[in-house]
Amino acid sequence: MTRRVLQQLSHDARSIVLILAMPSVLLVVFRYVYDSQPQVFDRIGPQMIGLFPFIIMFLVTSVTMVRERTSGTLERLLTTPLARGELIGGYALAFAAAALVQASLTSAFALGVLGLDIELPWALLAFAVLGAVVGTALGLLASAFARTEFQAVQFMPLVIVPQILLCGLLIARDQMPDVLYGLSWALPMSYATDAFTELTTSDAFSGELLVDLLALVGFALAAVLGASLTLRRRSA
């Protein structure tokens, strides 16, 4: 199943460009928006490495899964001995592999070309991959509730925008009202943002980073499990 999805992706040039190149392009735009204030990029650039792949993988995964359903591919696969968990797991592994390549290219581009200064580049890569994987997992889950590709895209304001507003990117989470601060703990991007913020000043892998890493892994596993449980056997 994983091999089939990867082969399918390899024949979709637009998806390849969107997955592999777009995060770096967006980083370039962000970098030169603050060209006169390079310290802003040094401070917020790492968070963008987590945010851009997260958004793109959510979009690509959710749309791809809905396309598979509306084309009848999922229905045909579910008539085979393949279990729902195995089916979703195959898609998750395929997109996780794509996320690994995406995050590696984005991190290398930010560090080598844009001059982002991080003491723990391997940790930056690990959290970039995790952010993209969480986006993939949430995309799999959201696709279960969409009947068309357009509906899948409509989930972006519901899933993505609240996380951007509450993850601590715009304002520190502890400065938010108590209700919003409490809600932010239930959002995976809060942990990703905390981790990337920590990486801008840390030269060692701290306990806080380990907590953030485990939280992101937990979110990804929970979303994949939810996607397998909500996978519909019929497209309509």
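Trainee: Why is S228 called buried?
Mentor: The relative accessible area of S228 is 13%. Buried means under 20%, exposed over 50% and partly exposed in between, with a 1.4 Å probe and protein chains only. S228 is therefore buried. This is a predicted model, in which local features need pLDDT of at least 70 and side-chain atom pairs count only at pLDDT 80 or more, while totals for chains, interfaces and linings use all residues. Residues are numbered from 1 along each chain as its sequence is written, and side-chain values use heavy atoms, with hydrogens and water left out.

Trainee: Where does S228 lie, and what is S228 in contact with, leaving aside neighbours within four places in sequence?
Mentor: S228 lies in helix α12; helices are DSSP runs (H or I, at least four residues), numbered from the N terminus. With those neighbours left aside, S228 is in contact with R84, G85 and I88, where contact means heavy atoms within 4.5 Å.

Trainee: What makes Y191 and F219 a tilted aromatic pair?
Mentor: Rings of Phe, Tyr and Trp (its six-membered ring) pair if their centres lie within 6.5 Å; planes under 30 degrees apart count as stacked, over 60 as edge-to-face and the rest as tilted. The rings of Y191 and F219 are 5.7 Å apart, centre to centre, with 45 degrees between the planes, and the pair is tilted. The pair links distant parts of the chain, Y191 in helix α11 and F219 in helix α12, 28 residues apart.

Trainee: Why are α4 and α7 called roughly parallel?
Mentor: Helix α4 (residues 38–70) and helix α7 (residues 121–143) pack at an angle of about 30 degrees, with their axes 7 Å apart. Axes are lines fitted to C-alpha atoms, for helices over the stretch in contact, and angles run from 0 to 180 degrees between N-to-C directions. Angles under 35 degrees count as roughly parallel, over 145 as roughly antiparallel, 65 to 115 as roughly perpendicular and the rest as oblique. Hence α4 and α7 are roughly parallel.

Trainee: How do you know that α4 and α6 are roughly antiparallel?
Mentor: The axes of α4 and helix α6 (residues 84–112) cross at roughly 150 degrees and come within 10 Å. The two helices, α4 and α6, are therefore roughly antiparallel.
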